[in-house]
Each structure stands twice: as structure tokens, then as C-alpha cells.
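Hello,

Here is the structure I promised to pass on to you. Have a look at it first, and then read my notes below.

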Amino acid sequence: MPIDISKLPSQLVNDMQAALPVFWGNPERSNEAVTQTVVDGRAISLADVSAAQARFERFAPLLARLFPELQPSHGRIESALLGAPDMQRALGMSAECGSMWIKADHSLPVAGSIKARGGIHEVLEFAESLALEHGLVSAESDYGVLADASARALFGRYQVAVGSTGNLGLSIGVMASALGFRAAVHMSADAKEWKKARLRSRGVEVVEHTGDYASAVAAGRREADADPYCYFVDDERSLSLMLGYSAAALHLRDQFDAAGVRVDAAHPLFVYLPCGVGGAPAGIAFGLRQLYGPHVHAFFAEPTQSPCFLVEMLSPGASVYDIGLTNRTEADGLAVPQASELAAQAMRPILDGVFTVADDTLFADLHRVRETEGLRIEPSAAAGFSGPRMLTGTEAGRAWLRQHELDRVLPHATHLVWTTGGLFVPPEEYARFAERGAALAG
Ligand SMILES: Cc1ncc(COP(=O)(O)O)c(C=O)c1O
């Protein structure tokens with residue numbers, strides 16, 4: 001779509017076109033209560049977030065049966081909240097700026113990334129709707145029965161399909177095939193070989209595309225449209241995915257309470273979320289906003305070559321190609337040319353801002369977090385670490401803090417960096433990432 005660049009903020013766009021890291025504050029962000037938002041014609045609120053959480057709870061006994069790694073958590077797919085004082089020091093951030101924490105979704109069981117939250121939720125919602133429709137379960141049932149032959153025979157009649165840069169495909173493919181569905185994942189050219197191999201080893205059909213993420217999604221959608229027994233998970237438009245991500249907020253609140261972390265006007269919470277198409281970070285930002293109101297400040301992190309969410313906020317409907325960027329990045333999960341309009345619509349009054357990160361910085365931070373906190377993450381998952389640096393260490397970030405009168409309460413702030421993937425990266429591949437990062441971090 002042709003866009004008129006002359007109408008956009010010129011310095012910002014010049015820097016984006018030069019692939020320099022930028023910081024952008026969202027002028028539409030509201031300080032008022034945003035207790036519901038209309039997404040794709042449907043109003044969603046905290047009740048929908050809680051309903052998604054309740055669905056995960058109903059399925060927990062079944063998931064504990066299907067995945068031995070979930071037995072210790074009784075079928076819950078959750079990650080730790082970790083203090084990160086050593087990483088904070090390594091990033092040169094003083095205690096005067098507040099304290100850094102990490103939400104460790106890089107270690108989420110079953111799918112190894114944040115995409116497990118939304119992807120698994122949508123597969124469960126589809127399975128639940130079929131099971132209810134065919135009388136296999138009722139509202140009071142133990143969903144463990146869905147591992148039985150009759151349920152598997154029903155699910156086996158359907159295919160679940162998705163288009164993905166990799167991690168969403170992993171979560172959908174693994175969960176769908178574990179329940180007995182046929183599963184097909186349409187992968188973009190950026191998708192890593194090991195992700196395809198992992199899916200194939202689980203019996204998932206991998207359809208390779210030579211184009212980018214948007215064309216893989218479009219191809220998957222087309223195929224699914226032609227088959228009434230195919231259910232397509234649409235990463236660009238799915239409300240179920242978004243609500244699956246949003247449920248993370250409820251668990252995080254319990255973790256903050258247990259750790260004695262307060263969130264209020266005097267103790268703001270800054271959350272830094274890696275962003276691809278925007279569904280995962282938007283879902284989480286929406287959920288947190290329902291719990292903490294305007295005291296949560298959500299920032300999305302994007303690669304300098306793929307800032308699709310920022311482009312969408314500046315010029316709805318535009319892609320990163322429209323401003324001359326390549327969408328080429330080692331952060332495969334974030335290599336998305338065009339953002340989800342649904343996510344962008346939900347974020348207009350909620351999002352605080354977007355910042356971009358050069359690939360070299362991703363690798364340097366991937367190395368630093370291994371050295372300081374012993375965490376093994378993938379490049380996409382390192383994007384959030386630039387957030388505190390951009391907010392507290394650049395003129396644009398500091399001006400934004402002053403403008404919102406947050407500079408005064410900064411020493412009591414919590415900076416939560418969401419590390420979004422990495423658990424299943426093969427050791428040889430991780431060794432290459434870490435080596436590159438070590439050379440860059442110096
Ligand atoms: C590791 C990782 N982080 C973040 C994201 C961003 O999620 P979304 O595309 O929903 O914005 C992805 C997407 O695949 C990912 O793989």
C-alpha cells in the first residue's frame with residue numbers, strides 16, 4: 001500500500017529508514033480506565049481474560065496426562081518470574097532507575113515460547129467446542145476423557161492449520177497433534193530448519209513457502225477456506241489467540257504479589273514485550289491493563305528492519321516494505337512485515353510506545369543474560385532488554401518519562417523484560433548465537 005511518508009514525523013522516519021534504533025511514545029495512549037475494548041466488532045474485558053484462564057484450568061488434568069513434563073505443574077503451562085539484578089548492572093542501569101525483573105517465557109514447557117499461550121488456548125477452545133457439540137463433555141466434566149479413543153476419533157476428522165514464522169507453528173502443531181487432530185503448519189522462508197524438523201518428528205505436516213510470514217499465512221488461509229474440516233488459526237486476526245496471551249496477566253499478578261512487588265501510581269510497572277505481528281504482546285498488555293489500570297506501561301520491542309507495529313501505528317495498513325525496509329532479521333519470530341490490525345486497534349489507547357533494536361544488540365544481550373543470570377534465550381527473546389536502556393538512557397526516553405511525570409517515581413519502578421522463547425533451540429545453534437553475542441558484548 002503506498003503511503004505518504006511526508007505526513008509522518010520526519011526525524012523518526014529517517015532514523016527508521018536508516019535502520020537506527022528508535023524510541024516512539026504513543027500520543028493516543030489514554031490515562032483513563034480502559035475496561036473494555038472492541039476488537040473485530042466484539043467488546044472484550046477482564047471477564048474474557050478470566051474465561052481464557054478458566055479454560056486452561058479445565059484442560060489442565062488432560063494436559064498433565066498428555067505431556068509428562070507438565071506433571072509437576074499439574075498441567076499448567078506457566079513460567080517463572082525472576083529478579084535480574086546482575087543483568088540490570090550489566091546493562092548499566094542504576095538502582096535509581098528502579099529494579100529489573102524477567103518473565104521467563106523462554107522456558108515455557110511444551111512449546112518453548114510465548115506463542116504457547118495463545119496458540120494452545122485456541123487449539124483447546126476449538127477442541128472444547130467440538131467436544132461440547134458432540135456431547136463428549138459437559139461444563140462439569142473431567143476433561144481427562146478427551147484423551148480417550150472416542151474423542152481422538154472425533155478430533156482426527158479435523159485438521160488444524162496455521163501460518164507461522166516458527167514458534168506459533170510449534171505450539172499449534174504440538175498441541176493439535178497431541179489431541180489427535182491432523183496438523184499442518186505453513187512456514188515462511190525465515191523459519192528455522194530445526195523448528196520444521198521438530199514439527200515433523202511429531203507427525204505435523206510442514207508446508208514450506210518461499211515468501212515471508214504474511215504470504216505463509218495467506219496461503220494457509222486459502223487452503224483452509226477450501227476445506228470444511230480444516231480449522232485455521234489466523235495469527236493476524238484471532239481473538240482467541242489474543243485472549244490466550246492475556247491470561248498470563250492473572251498469573252503474573254499472583255507472582256508479583258508473592259514477591260512483594262507493588263504496582264500503583266508510586267510504583268509504576270514498565271513491561272517490555274518483543275513484537276512480531278503483535279498478537280502476543282497486545283494480549284498481555286491488554287490483560288495487564290485490566291489489572292493495573294494506567295500504572296502499567298507497555299512497550300513493544302521490534303527489530304530495526306521489521307518495525308511493523310510501529311509502522312501500523314503511524315500509518316494504518318502500511319508495511320515495513322513501504323518505508324524501504326527489508327524485513328530481514330535474525331529475530332525470526334519477529335520477522336513480520338505487517339502488523340495485525342486487530343492487535344493495533346486494541347492497542348491504540350493502551351500501548352505506551354515502541355522501540356526498535358538492531359540485530360547485533362539482540363545477540364549481545366542474549367550473551368549478557370546467559371553470563372549474568374544463566375538464561376538461555378533465542379535472539380527474538382532478547383529484544384525487550386533494550387527497553388530499560390531506551391527509556392532511561394536516551395534523550396527521547398527521558399523526555400517521555402518527564403512528559404508523563406514518571407521521572408520522579410522511577411526509583412520505585414519495576415521494569416519487566418519478557419523473554420519470549422528459547423527452550424528448544426538446539427545446542428549447536430545456541431552456541432553460535434552465544435559466540436556471536438560474546439564477540440559483540442566485548
Ligand atoms: C520468540 C518470540 N517472541 C515474540 C513473538 C511475537 O509474537 P507476535 O507475533 O504475536 O507479536 C514471537 C512470534 O512468533 C516469537 O516467536
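**Around the ligand**

The shell around the ligand is made of seven nonpolar, nine polar and two charged residues (Ala, Val, Leu, Ile, Met, Phe, Trp, Tyr, Cys and Pro count as nonpolar, Asp, Glu, Lys and Arg as charged, and the others, Gly among them, as polar). This is a predicted model, where local features need pLDDT of at least 70 and side-chain atom pairs pLDDT 80 or more, while totals for chains, interfaces and linings use all residues. Residues are numbered from 1 along each chain as its sequence is written, and side-chain values use heavy atoms, leaving out hydrogens and water.

Of the 18 residues around the ligand, those that come nearest include Asn167 and Thr420 (a residue is near if one of its heavy atoms lies within 4 Å). The side chain of Asn167 has an N or O atom 2.7 Å from a ligand oxygen, and a polar side-chain atom of Thr420 is 2.7 Å from a ligand nitrogen. The protein buries 98% of the 380 Å² that the ligand exposes when taken alone (accessible areas by the Shrake-Rupley method with a 1.4 Å probe).

**Aromatic rings**

Phe23 and Trp400 form an edge-to-face pair, because their ring centres are 6.5 Å apart and their planes are at 70°.

Happy exploring!

Note on methods: A polar contact is a pair of N or O atoms within 3.5 Å; within protein, one must be able to donate a hydrogen and the other to accept it, and residues adjacent in sequence count only if both atoms are side-chain atoms. Rings of Phe, Tyr and Trp (its six-membered ring) pair if their centres lie within 6.5 Å; planes under 30 degrees apart count as stacked, over 60 as edge-to-face and the rest as tilted.
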